[in-house]
Amino acid sequence: MAYSEKVIEHYENPKNVGTLDKDADDVGTGLVGAPACGDVMRLQIKVSDEGVIEDAKFKTFGCGSAIASSSLATEWLKGKRVDEAETIKNSMIAEELNLPPVKIHCSVLAEDAIKSAIADFKQKQAAKRALQGG
Amino acid sequence: MAPTLPIYMDYHATTPLDRRVLDAMLPYFCETFGNAASRSHVFGWRAEEAVEVARERVARLIGADSSKEIAFTSGATESDNLAIKGVAEFYKDKGDHIITSAIEHKAVLDSCKRLEKQGFKVTYLGVDKQGMVSPDDVARAITDKTILVSIMLANNEVGTVQPIAEIGAVTRKRGVLLHCDAVQGVGKVPFDVAKMHVDLASISAHKMYGPKGVGALYVRRSKPRVRLVAQMDGGGHERGMRSGTLNVPGIVGFGRAAELATSEGEAEAMRLTTLRERLAKKLFQIEAVTLNGHPTARLPGNLNVAFSYVEGEAMMMAIRDVAVSSGSACTSASLEPSYVLRAMGVDEEFAHSSIRFGLGRFTTEEEVDYVGQLVTDKVHALREMSPLWEMAQAGIDLKSIEWAAH
């Protein structure tokens with residue numbers, strides 16, 4: 001199958017590949033997908049005290065479209081407030097990368113990864129607050 | 001010296017035409033263009049003569065007693081359909097049971113599935129971890145209702161060469177017909193319909209440096225005489241087995257390709273085995289790489305390996321200047337990982353990480369060395385991007401994680 005130029009660009013020069021400290025309070029980690037299905041995405045965000053995502057990293061096991069979707073997601077996340085980040089939809093990723101129908105699931109996975117990372121961050125914050133409150 | 005890009009390493013999918021084949025074909029387009037079925041003039045006679053020479057050559061390649069046992073078709077898909085459906089229809093009063101394997105080509109499997117809808121019973125034999133069908137399993141599966149066993153000579157994905165001679169000994173003894181889809185193996189590994197007791201065999205020109213759109217079905221004429229019902233109605237060409245005007249230039253090319261395979265096949269197989277082992281040696285220096293298929297009973301040009309923690313399609317994209325094939329779901333229209341690898345009991349994650357390298361007549365040592373190094377570099381690069389690799393390096397057992405299947 002032919003890839004769009006944007007997929008190739010992200011695939012060849014992926015942005016924000018890497019790892020953040022998953023145990024840090026200000027880091028949220030989302031790990032979605034399954035090896036048996038052929039794609040696993042790990043997306044991490046680092047959030048400032050003001051609630052702004054100051055860093056985002058990913059690692060992805062998957063096809064070119066999955067790698068491009070996660071690379072794009074990290075780019076979009078950086079600089080956004082957490083509540084803004086929650087509005088990123090898979091359709092926006094699919095449209096930006098010009099994904100063909102059979103690759104839409106890659107963008108769905110990226111949206112899941114974002115949601116999962118944010119949920120993890122919020123859970124950590126809640127636990128922290130509970131600890132401080134107690 | 002750097003080889004010219006792109007590099008073709010997908011010889012199981014198709015092969016380029018050998019120049020010598022093209023030279024043989026050319027006169028049969030504009031000059032000797034007659035219809036081989038025209039019995040009343042010289043144009044027809046010349047075309048028929050050329051077809052008969054080709055028929056002899058194809059017969060010789062597979063050890064057939066007579067060229068009358070060769071029926072030309074449009075390709076191996078048609079040959080498989082004709083063999084299986086044609087035999088089933090002819091022998092349906094004798095029995096309704098067919099035996100095949102789970103790793104056959106879709107042309108065989110889907111022909112069997114259609115017969116099942118018509119009331120036939122089909123046994124799909126499993127294979128071992130190396131992709132081998134057991135002759136004992138064939139023997140055990142045969143009942144007094146069995147009319148046909150269909151097992152391939154060599155698998156197109158993992159290259160495993162099946163014990164056809166042993167299976168042939170079983171089917172002959174039990175009085176059951178044996179069809180062999182010999183597309184991938186013929187001209188590359190020993191194949192002889194007489195010695196192996198094969199009763200029907202499908203072959204294809206474009207897998208052996210001949211043109212696309214031409215194939216043949218071998219149908220044994222004596223001991224036993226195999227009968228089948230034609231699946232294409234019309235002028236009764238090819239002894240009534242396959243109607244339709246013969247593709248004379250294609251058949252001439254097929255004949256020349258068969259002649260080349262007969263005279264050069266053995267030397268070529270040795271050369272390809274050496275090249276394949278050279279590539280394997282390089283790739284197995286990488287950590288966590290597994291071979292799919294059989295270590296020795298294998299097509300000379302086939303190397304199928306799983307690069308763990310790297311997804312196959314991403315790998316293919318990383319080596320875009322090299323044409324290979326993958327067992328990954330993402331490369332198939334169905335989004336299902338390879339049914340062949342699954343039938344062999346290969347874990348799905350390995351299936352997604354599998355790449356098939358197919359070497360052939362025009363593959364060079366320079367190409368093999370270039371590809372070996374390129375793949376090595378890209379596996380390392382993609383693993384740096386792989387969360388699974390990072391987890392494995394940290395000592396996390398990936399099987400202990402509850403993955404949310406999607």
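Predicted model: local features only at pLDDT ≥ 70, side-chain atom pairs only at ≥ 80, totals over all residues.
Figure 1. In total, the rule finds four salt bridges across the interface of chain B and chain A. On the side of chain B that touches chain A, the elements giving two or more residues are helix H9 (312-318), helix H11 (348-352), helix H12 (365-384) and helix H13 (387-393) of chain B. Sorted by class, this side of chain B has 15 nonpolar, four polar and seven charged residues.

**Figure 2. The interface of chain B and chain A as a whole.** Contacts join 26 residues of chain B to 30 residues of chain A. The size of an interface is often given as the accessible area lost when the parts come together. For chain B and chain A, the area buried between them is about 2500 Å², and 66% of it is on carbon and sulfur atoms. Between chain B and chain A, 13 residue pairs are in polar contact, both residues of a pair having pLDDT 80 or more.

**Figure 3. A salt bridge within chain A, between Asp26(A) and Lys46(A).** Over all chains, the count by this rule comes to 34 salt bridges. One of them joins the side chains of Asp26(A) and Lys46(A), at 3.4 Å from N to O. The pair links distant parts of the chain, 20 residues apart: Asp26(A) is in the loop between helix H1 (5-12) and strand E1 (27-34) of chain A, whereas Lys46(A) is in strand E2 (residues 39-47) of chain A. Asp26(A) has a relative accessibility of 25% and therefore counts as partly exposed. Lys46(A) is also partly exposed, with a relative accessible area of 27%.

**Figure 4. A network of salt bridges in chain B that includes Asp18(B) and Arg361(B)****.** Asp18(B) forms a salt bridge with Arg20(B), and the closest N and O atoms of this pair are 3.0 Å apart. Asp18(B) counts as buried, at 3% relative accessibility, whereas Arg20(B) counts as partly exposed, at 31%. A further salt bridge joins the side chains of Glu268(B) and Arg361(B), with 2.7 Å from N to O. Glu268(B) lies in helix H8 (residues 248-283) of chain B, and Arg361(B) lies in the loop between strand E13 (354-358) and H12 of chain B, so this pair links parts of the chain that are distant, 93 residues apart. Glu268(B) is buried, with a relative accessible area of 13%, and Arg361(B) is buried at 12% relative accessibility. Through shared partners, salt bridges join Asp18(B), Arg20(B), Glu264(B), Glu268(B) and Arg361(B) into one network.

**Figure 5. Arg220(B) and its surroundings.** Arg220(B) is placed in the loop between strand E8 (215-219) and H8 of chain B. Its relative accessible area is 6%, and Arg220(B) is therefore buried. Apart from neighbours within four places in sequence, Arg220(B) is in contact with residues including Glu69(B), Arg172(B), His197(B), Asp199(B) and Arg225(B). Val193(B), Ala194(B), Val198(B) and Val226(B) are also among the contacts of Arg220(B).

**Figure 6. Tyr370(B) in helix H12 of chain B****.** Tyr370(B) counts as partly exposed, at 27% relative accessibility. When residues up to four places away in sequence are not counted, Tyr370(B) touches Pro3(B), Leu5(B) and Ile7(B). Phe350(B) is 20 residues from Tyr370(B) along the chain, and the C-alpha atoms of these two residues are separated by 24 Å.

Key: Residues numbered from 1 in each chain as written. Chains lettered and ligands numbered in written order. Heavy atoms only, no water. Contact = heavy atoms within 4.5 Å. Buried area = accessible area lost by both parts, 1.4 Å probe. Polar contact = N/O pair within 3.5 Å; in protein donor to acceptor, adjacent residues only side chain to side chain. Helix = DSSP H or I, 4+ residues; strand = E, 2+ residues; numbered from the N terminus. Nonpolar A, V, L, I, M, F, W, Y, C, P; charged D, E, K, R; others polar. Buried < 20%, exposed > 50% of the residue type's maximum accessible area, 1.4 Å probe, protein only.
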